[in-house]
Every structure is written in structure tokens, then in C-alpha cells.
Amino acid sequence: MPYTVSKTELAGVLVLEPKVFTDSRGFFFESFNQKDFAAATGLDVTFVQDNHSQSSKGVLRGLHYQIEQPQGKLVRVVRGAVFDVSVNLLRNHPEFGRWAGVYLDERNKRQLWIPPGFAHGFLVLSDQADFLYKTTDFYSPQAERCLAWNDPTVGIDWPLEIEPILTTKDQNGASLTQADQFPHM
Ligand SMILES: Cc1cn([C@H]2C[C@H](O)[C@@H](COP(=O)(O)OP(=O)(O)O[C@H]3O[C@@H](C)C(=O)[C@@H](O)[C@H]3O)O2)c(=O)[nH]c1=O
């Protein structure tokens with residue numbers, strides 16, 4: 001199996017580690033293979049968009065989700081290191097409001113699957129980070145919402161050294177009590 005899959009603290013949020021081939025030239029790995037992804041996760045999803053963001057140290061993006069066209073995301077880091085966080089927003093789910101944090105970096109080549117119905121964000125730990133991700137639905141600015149990165153009820157333990165660098169949108173995220181809730185998918 002080209003991917004090794006492991007669970008996180010949250011049901012449905014999965015870490016995938018690809019098989020990496022190294023030789024004297026460097027390395028090679030399949031960063032995405034639909035058949036292997038389906039076999040490893042048991043999920044039948046179609047990705048429709050690929051995104052790439054670059055951020056400097058201390059930048060925190062998130063926690064984002066879309067109310068319509070909720071997106072499943074397969075995320076990874078190709079340069080640098082981040083602390084990546086998912087928050088369960090599934091109505092009446094025993095894990096509603098709970099979070100999972102995973103370190104992703106260019107060396108471990110971990111990928112994280114975040115299902116639709118979860119808020120997502122990350123903190124950049126390296127000088128620069130290039131963050132790549134696939135999404136199962138299209139970006140919709142009207143549908144996008146932001147859950148506060150520092151909501152006390154969620155209580156994410158970010159590995160912060162200084163105050164994070166945030167957009168105005170991300171400084172004004174909603175509290176968990178105001179956040180939208182998703183039917184189980
Ligand atoms: C996310 C996104 C943004 N944009 C545009 C809108 C805006 O002008 C510019 C920057 O957008 P943002 O500030 O929302 O980018 P960013 O804060 O990086 O947003 C992303 O954050 C992470 C945590 C996620 O989980 C993603 O789903 C996405 O919400 O890029 C697109 O054209 N397509 C997209 O898919």
C-alpha cells in the first residue's frame with residue numbers, strides 16, 4: 001500500500017504518509033493517486049481544485065469552512081513546517097467542537113485528510129511555508145466562514161512563540177456557539 005494511514009484525535013481526520021523512494025538523485029513519490037487514496041481511506045471523493053499558499057513564520061490562516069459547498073481537503077507542506085488544525089463542526093456529533101493538531105512538514109511529507117464539515121487552519125512554524133491542498137468542492141467566497149482561532153471553548157493549544165499574524169477576517173472569526181453546524185456526511 002503506497003500510503004500508511006493513521007488516525008488522529010478526531011474521527012474522520014486522517015494522516016496519510018506516502019511511500020517515498022530516495023536515491024542518489026533525491027526522492028520520488030506519488031503525491032496523489034486516486035485509486036490508492038480510495039483504498040487507503042475507504043473514501044470515494046473527487047477533488048476539483050488544487051491550491052497553493054505561501055506564508056511566513058507566525059502566519060496563522062483559519063479556521064475556515066464553507067457553509068454551502070463544504071470542502072473536504074487533502075493538505076500537505078512542500079516547504080517548511082506548519083501545525084495544522086481541524087475542528088469538528090458536525091451537529092450532535094460526540095466530538096463537536098473538538099480539535100486535532102498535526103505537524104506537517106517538508107520532511108515527513110505527511111498529508112492530512114480533513115472531511116467536509118470541519119473547520120481548518122494552520123500556523124507556520126518555519127521561516128516560509130508552501131502549503132498545497134486539494135479540495136472536493138469549489139471555493140465560494142459567499143459561503144466561506146471563519147471560526148475564531150482562539151475560541152476558548154475549542155481551546156486549541158497552538159505552539160505559538162509570538163502573537164500570530166492574521167488577516168482582518170481571521171481576527172474576527174466567530175465563536176463556536178455562533179459557528180455553523182453540519183449534518184453528518
Ligand atoms: C481559498 C481561496 C482564496 N482565493 C482568493 C480570495 C482572496 O482574494 C485570496 C486570499 O484568500 P484567503 O485569505 O481566504 O486565503 P486563505 O486564508 O489561505 O484561505 C484558506 O485558508 C485555509 C486555512 C483553508 O482551509 C482554505 O480552505 C482557505 O480557506 O485568494 C481564491 O481565489 N480561491 C480560493 O480557493
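Biologist: Which residues are around the ligand?

Modeller: Keep in mind that this is a predicted model. The residues around the ligand are Asn 51, Ser 53, Arg 61, Gly 62, His 64, His 120, Gly 121, Phe 122, Tyr 139 and Thr 167. Two or more of the shell residues come from each of strand 5 (49-56), strand 6 (60-66) and strand 11 (118-124). By class, the shell has 2 nonpolar, 7 polar and 1 charged residues.

Biologist: What makes the protein as compact as a globular protein of that length?

Modeller: First, its make-up: the protein has 2 helices and 13 strands. Its radius of gyration is 16 Å, and the globule rule gives 16 Å for 185 residues; the two values are close, so the protein is as compact as a globular protein of that length. Along the principal axes, the C-alpha trace spans about 50 × 35 × 30 Å.

Biologist: Which positions does UniProt give as "active site"?

Modeller: The UniProt record, an unreviewed entry, places that feature at His 64 and Tyr 133. They are spread over 70 residues of sequence, yet they cluster in space, with a largest C-alpha distance of 13.7 Å.

Biologist: Why is Tyr 133 called buried?

Modeller: The label needs 20 or more other C-beta atoms within 10 Å. Tyr 133 has 22, so Tyr 133 is buried. This residue sits in strand 12 and, setting aside residues up to four places away in sequence, touches Asn 51, Lys 73, Leu 74 and Val 75.

Biologist: And how do you know whether His 64 is buried, exposed or partly exposed?

Modeller: Buried starts at 20 such atoms and exposed means 12 or fewer, with partly exposed in between. His 64 has 17 other C-beta atoms within 10 Å, so His 64 is partly exposed. His 64 lies in strand 6. Beyond its neighbours within four places in sequence, His 64 is in contact with Ala 119, His 120, Gly 121, Glu 144 and Cys 146.

Biologist: Which residues touch the most other members of the largest nonpolar core?

Modeller: That core has 42 residues, and the ones touching the most other members are Val 13, Val 82, Val 87, Leu 112 and Leu 147. Among the elements supplying at least two core residues are strand 2 (14-18), strand 8 (81-88) and strand 10 (111-114). Leu 112, leaving out residues up to four places away in sequence, touches Val 13, Val 15, Val 75, Asp 84, Val 102 and Leu 104.

Key:
Residues numbered from 1 in each chain as written. Predicted model: local features only at pLDDT ≥ 70, side-chain atom pairs only at ≥ 80, totals over all residues. Helix = DSSP H or I, 4+ residues; strand = E, 2+ residues; numbered from the N terminus. Rg over C-alpha atoms; globule rule 2.2 N^0.38 Å. Near = placed C-beta within 6 Å. Nonpolar A, V, L, I, M, F, W, Y, C, P; charged D, E, K, R; others polar. Core = buried A, V, L, I, M, F, W, Y, C linked by C-beta atoms within 7 Å. Contact = placed C-beta atoms within 7 Å. UniProt positions renumbered as here; feature names shortened; annotations may be inferred.
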